[in-house]
Amino acid sequence: MRLLYVDLEREWRGGQSQALLTLVGLLERGHEVELLAARDSPLANRASKAGIIVHQIPRFGLRGWAAHAMRRLTASKQFELVHLNEPHALTAAWLARARLRLPLLLSRRIGFPLQKNAVSKARYRAVKRFLANSKDVARSLIESGIAAERISIVNEGVEIWPLPSLEQRNKARKHWGVRESEFLFGCVSVFVPEKGQRHLIEALPLVRALHPEARLLLAGAGACRAELETLAKRTGQAEAVLFPGFVEEIAQVYAALDAFAFPSEYEGLGTALQAAMAAGLPCISTKRGALGEVVESERTALVVEPNGTEIAAAMLRLINDEALRKKLSQAGRREVEQRFSAAGMVENTIRVYQEVIQKAGKV
């Protein structure tokens, strides 16, 4: 297959991680794929390093430049399909009238209703197939009026690496300034309100009253960072909470942790949680959004509501029960290997591409 992949995001989030895994997976399987992306965005730079042909466009007037580039690329190259990875890419494709030349596939990762103004409806009509990352997201699309036959579900996936060695663990903990005697919880997520990191900070005083050796590492960046740092100070936990910012080598975070906590109030699927499970970490999670499709209470994770009291109780259970930690660690990793691997995600995506291209050829 020959594909054009479009992602205009300027930051690195879960969608861009999935984009890179997909692009690399397609290349490894012998397909021809090119990326249209914002100049010097993390995805553009990482994809280029991975050997992907990347067409970089100016950040100023991004959608206009993208529409112009899309018109040129789809007219001059024999692409069979355009995969739009986020909403800005859809707008650019609509402006470029790319739907008149090629089938458009749109990734959808959030379960919020689609906008219903005239322009939004026109944009969504241009999409040949919606690629939902969960049953929850697919259900929201149907409730927004999208016909079921225009929706395919492909769960997002993560790479399954060997479990970190004791040497890697010690090196990672030393990097973050964490002693071996300390019990380190962690969360990897963008700092926005719906991710719920404040619940972890609010849980910490309850946990540290019984286990003062407990600490928390919150990796990520975003609008709520200052608010979270203020909350840590107000609750007397400033010394116990680490804020390393955006971490490019994220494996160094997972290797240092004793347990992972994901307090999200809404989640499309939760690749950070999947990665933690793949890393063999015992996990605490909510079941909000599509997280109920990822974790099973007491088998693959401890499931809680997103509030400090419930989360603190689960954190204490993990600190106090080594057998529970081992059970969740093993079951969680098996679950990701069987259901949420990057390789499986790529193969399922390719099957959707082939189906869309085949149907387009019959029209």
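Visitor: Which residues form one aromatic cluster with Tyr254?

Guide: Phe260 and Phe262 do; with Tyr254 they form one aromatic cluster. Bear in mind that this is a predicted model.

Visitor: How many aromatic pairs does a search of the whole structure find?

Guide: The search finds six. The pair of Tyr254 and Phe260 has ring centres 5.8 Å apart and planes at 40 degrees.

Visitor: What makes the pair of Tyr254 and Phe260 tilted?

Guide: Start with the distance. Ring centres must lie within 6.5 Å to pair, and here they are 5.8 Å apart. Then take the angle. Planes under 30 degrees apart count as stacked and over 60 as edge-to-face. The planes of Tyr254 and Phe260 stand at 40 degrees, so the pair is tilted. Both residues are buried.

Visitor: Why is the pair of Tyr124 and Phe130 called tilted?

Guide: The planes of Tyr124 and Phe130 are at 40 degrees, so this pair is tilted. The ring centres are 6.2 Å apart, and the limit for a pair is 6.5 Å. Tyr124 and Phe130 are both buried.

Visitor: How do you know whether Thr91 is buried or exposed?

Guide: Compare its relative accessibility with the cut-off. Buried means under 20%. Thr91 has 13%, so Thr91 counts as buried. Thr91 sits in helix 4, residues 87-95.

Visitor: What does Thr91 touch, not counting residues up to four places away in sequence?

Guide: Thr91 touches Arg63 and Arg123. A contact needs heavy atoms within 4.5 Å.

Visitor: Why is Arg97 called partly exposed?

Guide: The class lies between buried, under 20%, and exposed, over 50%. Arg97 has a relative accessible area of 46%, so it is partly exposed. Arg97 is located in the loop between helix 4 and strand 5.

Visitor: What makes the phi of Arg97 worth a remark?

Guide: Most residues other than glycine have a negative phi. Arg97 is not a glycine, yet its phi is positive, about 55 degrees. Asp40, also a residue other than glycine, has a positive phi near 60 degrees. Asp40 belongs to the loop between strand 2 (32-38) and helix 2 (42-49).

Visitor: Which residue with a positive phi follows helix 6?

Guide: Gly145 follows helix 6, with phi near 100 degrees.

Visitor: Which residues of helix 6 are buried, and what do they pack against?

Guide: In helix 6, residues 135-143, the buried residues are Asp136, Val137, Ala138, Ser140 and Leu141. The buried residues of this helix pack against strand 5 (104-108), strand 6 (129-132) and strand 7 (151-153).

Visitor: How many helices and strands does the chain have?

Guide: The chain has 14 helices and 13 strands.

Visitor: How do you know how compact the chain is?

Guide: Set its radius of gyration against the globule rule. The chain has 21 Å, close to the 21 Å that the rule gives for 363 residues, so the chain is as compact as a globular protein of that length. Its C-alpha atoms fill a box of roughly 65 × 40 × 35 Å along the principal axes.

Visitor: What share of the 363 residues is buried?

Guide: Buried residues make up 55% of them.

Visitor: Which share of the accessible surface belongs to carbon and sulfur atoms?

Guide: Of about 16,200 Å² in the chain, 51% belongs to these atoms.

Visitor: What separates the mean positions of the positive and negative charges?

Guide: A distance of 7 Å separates them, for 51 positive and 39 negative charges.

Notes:
Residues numbered from 1 in each chain as written. Predicted model: local features only at pLDDT ≥ 70, side-chain atom pairs only at ≥ 80, totals over all residues. Heavy atoms only, no water. Buried < 20%, exposed > 50% of the residue type's maximum accessible area, 1.4 Å probe, protein only. Helix = DSSP H or I, 4+ residues; strand = E, 2+ residues; numbered from the N terminus. Rg over C-alpha atoms; globule rule 2.2 N^0.38 Å. Areas by Shrake-Rupley, 256 points an atom, 1.4 Å probe, with all protein chains shown as cover. Lys, Arg positive; Asp, Glu negative; His and termini not counted. Charge placed at Lys NZ, Arg CZ, Asp CG, Glu CD.
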